Amino acid sequence: MSSIPPFQPGSLREATHYIHAHRGKTFVVYLSSDALSGENTLAALVQDLALMHTLGVKLVLVLGLRTFIKQKTGGQSKSFSRESKYLTDSHLNEHVKKVAKSICENLKTLFTSGLVNTPMSAVEPNIVFGDFLHMEPANLDGKIDDQHGVEYKITKTAIQQQLDQNNVVGITPLGHSATGSMFLLAGAEVAVHTASELGCEKLILMLGNFRLQGNKTQGEDHYSIREARDLAKKLPGPKQDAKRYLDIAIQACSENVKHVHLVDAGKPGTLLQELYSLDGAATLVTALEYDEIRPATLNDIDGIQKLIQPFIEKGAIVPRSREQLELEIDRFDVIERDGVLLTCGTLYTFPEDNAAEVGCLAVHPEYQSIGRGSKMLMHLQKKANEAGFSKLFVLTTQTEHWFQEHGFKPAKIEDLPMKKQVLYNHLRNSRVYFKTIR
């Protein structure tokens, strides 16, 4: 079994940002049947979950039992031959209860004695399983069965009480009505509704061998709701499981869950890398703009200084004092991910010459190969175009080929707006490039 690469030097500093950001937050984690049935990988996953709990994350674990129970029972009952939630076979009911109890006890063991002789041996999170689902009839006649319909509610108060006591909450998707009827619900669906009801920022789906073989690479395997819908429509027949989970992620985002992470449970450590590193290691569907382009504020000064300093040292960007940055901050736009500035750029305008200049375009050195510079340049071009300017120009000492690839043509100093010609630094010998944008 291949595993993800270890953290590189500096990763601990990067992780510290996320430790602070995640502390005190509630995450709902769906453990699929595949995640639950892998003995070694489940033990490693529990260690990671225990570490997250120690770092201040409040955890709600929702178990995906249906496939697991079907495997254990051999699928003999007719109840599994239809999409029934209502279990009418009394023998099957007892077997389902037995299997669910066994899984819960195994998880409790892994969260306690299972951590002995591991890096988490000093930690023993208490995991509490309880009746956190309240079944109700869907119709006024008060009957609960497949024919008459059923609804359930998440007992938010009971879950929150356990989280406030620093317990890990475990939810089995087994619902019981007041008359004693038992229902086996879809665990992923329960996880979505739980995350929505608790107002969680993140829903994490731990899946077996999940990987979307798309054009996106690690660090870019994230999708808006629209992109996820488009991708789900294009997935071929063999990828129907992936489509189903994409649809679940879309549903969660539509129910006010900000981020849904689809994680391959078969690769130890993937969950930690997904949550505690900038680029992650899984697939993300988000209700938000992930790499957000926004106007810079004075609070971004330190981040901009850190971002442009390596380029100043190479002579690619003109040095700017903090005071100068403060005066020009309204000209800056930035790309931000999870509170970290990855790209910045400025737009200077020359109305009398119907031209605008792109300046101070910088991308974090570790994230230059996946299009953020192009994204910022296109944003600044669109901004200039919408403001009515027909020409865009740039002065560069080192990246002329990159600008030519984006449609800029060589020009002369004399082609610059007169105000820019006066400020031109002949010692830098910057090359001039223009682009017609309307």
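The model is predicted, so local features need pLDDT of at least 70 and side-chain atom pairs count only at pLDDT 80 or more, while totals for chains, interfaces and linings use all residues. Residues are numbered from 1 along each chain as its sequence is written, and side-chain values use heavy atoms, with hydrogens and water left out.

- H261 is part of strand β12, which covers residues 259-264; helices (H or I, at least four residues) and strands (E, at least two) are DSSP runs, numbered from the N terminus.
- The relative accessibility of H261 is 3%, so the residue counts as buried; buried means under 20% relative accessible area, exposed over 50%, and partly exposed in between (1.4 Å probe, protein chains only).
- Leaving aside residues up to four places away in sequence, H261 touches K202, L203, I204, L205, E274, L275, T283 and L284, where contact means heavy atoms within 4.5 Å.

**Salt bridges**

- The structure has 12 salt bridges, each defined as a side-chain nitrogen of Lys or Arg within 4 Å of a carboxyl oxygen of Asp or Glu.
- D247 and K243 form one of them, with 3.0 Å between the closest N and O atoms.
- These two residues, D247 and K243, are four residues apart in helix α9 (residues 240-254), so about one helical turn separates them.
- D247 is partly exposed at 33% relative accessible area, and K243 is partly exposed at 25%.
- K419 pairs with E352 in a salt bridge whose closest N and O atoms are 4.0 Å apart.
- Because K419 sits in helix α15 (residues 418-423) and E352 in the loop between β16 (340-350) and β17 (355-363), this pair ties together parts that are 67 residues apart in sequence.
- K419 counts as exposed at 55% relative accessibility, whereas E352 counts as partly exposed at 48%.
- R431 forms a salt bridge with E400, the closest N and O atoms lying 3.9 Å apart.
- R431 belongs to strand β20 (residues 431-436) and E400 to helix α14 (residues 400-405), so the pair ties together parts that are 31 residues apart in sequence.
- R431 is partly exposed, at 37% relative accessible area, whereas E400 is buried, at 14%.

**Cavity**

- Searching the whole structure gives one cavity of 30 Å³ or more; on a 1 Å grid over the protein atoms alone, a cavity is a set of points where a 1.4 Å probe fits but cannot get out, and lining residues have an atom within 4 Å of a point.
- The largest cavity holds about 70 Å³ of space, a volume being the space filled by probe spheres set on the points, with grid points joined across faces, edges and corners.
- Its lining comprises 13 residues, and L45, A265, K267, P268 and G269 lie nearest the centre of the largest cavity.
- At least two lining residues of the largest cavity come from each of α3 (39-54), β12 and α10 (270-276), and α3 gives the most, with four residues.
- The lining of the largest cavity has seven nonpolar, three polar and three charged residues; Ala, Val, Leu, Ile, Met, Phe, Trp, Tyr, Cys and Pro count as nonpolar, Asp, Glu, Lys and Arg as charged, and the others, Gly among them, as polar.

Terms used
1 Å grid on protein atoms, 1.4 Å probe; cavity = no way out; pocket = protein on both sides within 12 Å on 5 of 7 lines; lining within 4 Å.
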